[in-house]
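Visitor: Could you take me closely through one part of this model, the packing among its helices, and give the cut-offs behind each term as you go?
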Amino acid sequence: MASFIKMNALLSFILVLVGFLAALLPESASGQNCGCPSNLCCSQYGYCGLGDPYCGTGCRQGPCYGSSPSQGSSVADIVSQGFFDGIINQADNSCEGKGFYSRNSFLGAANSYSQFGTSGSQDVNKREIAAFFAHVTHETGHFCYINEIDGSTRNYCDSTNTQYPCVPGKAYFGRGPLQLSWNYNYGPAGNSIGFDGLGAPETVANDPLVSFKTGLWFWMNNCHSLITSGQGFGATIRAINGAIECNGGNSQAVNARVGYYTSYCNQFGVSPGDNLYC
């Protein structure tokens, strides 16, 4: 009888302890299956809520802001083969970009830019990737073009730039996914990536890995911080082609870029945010 009483007392203590520990969990916790609403974070232990315990280190999904990207949100996860094909399949089979641009080349280039699509919350990362591909879609006509239309008639040589002087006989018209242009872009891009940007700008149109790297090089130097700091998609339009398109310069082009961006955000399950137009 004494042993039975002791056993009951032990079980009662365990139940009280379990209840006490459960009470320590934040009130907004709900299960361990990560079926959280989009405005809540899923913690590393599988609970839904807001604040450091949920959105900090180890956050799995939602508006995370911890040091580690949430599971399932790598660049490769977001830029699936289906997503990539959904863009390039809209280009005619006769396009020069067919057989040149590929998801594998993009991912290979992205490996050289570890902060691309990874340095913010899951929502910010998705917006950045959506923004990049929105501009790429517009610049290349759904990956149809490698070279700028009628680019051979445009030299884009800034002779006043003595740091990156133009090489005689070489043209610096738009090439690649973001249509890299001008000697003052080809020069530093080549130095950073490892090709002769001034002496062999055509490399951008001949090597798909280099081509995607030039797009990401330009993006990381001119657009990445605009998205991660919350300035919105419109700021990236201004950074890429604002002098020509913004302030009423070419509203049709701006609307097209915004249309692609919002479409890709919808595909990624994230709101496009504010400040869409430049």
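Guide: Asn185, Pro188, Ala189, Ser192 and Ile193 in α7 meet Val210, Lys213, Thr214, Trp217 and Phe218 in α9, where contact means heavy atoms within 4.5 Å and helices are DSSP runs (H or I, at least four residues) numbered from the N terminus. The residues of this contact of α7 with α9 comprise 6 nonpolar, 3 polar and 1 charged, with Ala, Val, Leu, Ile, Met, Phe, Trp, Tyr, Cys and Pro counted as nonpolar, Asp, Glu, Lys and Arg as charged, and the others, Gly among them, as polar. This is a predicted model, in which local features need pLDDT of at least 70 and side-chain atom pairs count only at pLDDT 80 or more, while totals for chains, interfaces and linings use all residues. Residues are numbered from 1 along each chain as its sequence is written, and side-chain values use heavy atoms, with hydrogens and water left out.

Helix α7 (residues 183–193) and helix α9 (residues 208–222) pack at an angle of about 110°, their axes 10 Å apart; axes are lines fitted to C-alpha atoms, for helices over the stretch in contact, and angles run from 0 to 180 degrees between N-to-C directions. The pair α7 and α9 is therefore roughly perpendicular, since angles under 35 degrees count as roughly parallel, over 145 as roughly antiparallel, 65 to 115 as roughly perpendicular and the rest as oblique.

Turning to α6, this helix packs against α9 at an angle of about 125°, with the axes 12 Å apart, which makes α6 oblique to α9. Here Glu128, Ala131, Phe132 and His135 in α6 meet Gly215, Leu216, Trp219 and Met220 in α9, a set divided into 5 nonpolar, 2 polar and 1 charged.

Key
Helices (H or I, at least four residues) and strands (E, at least two) are DSSP runs, numbered from the N terminus.
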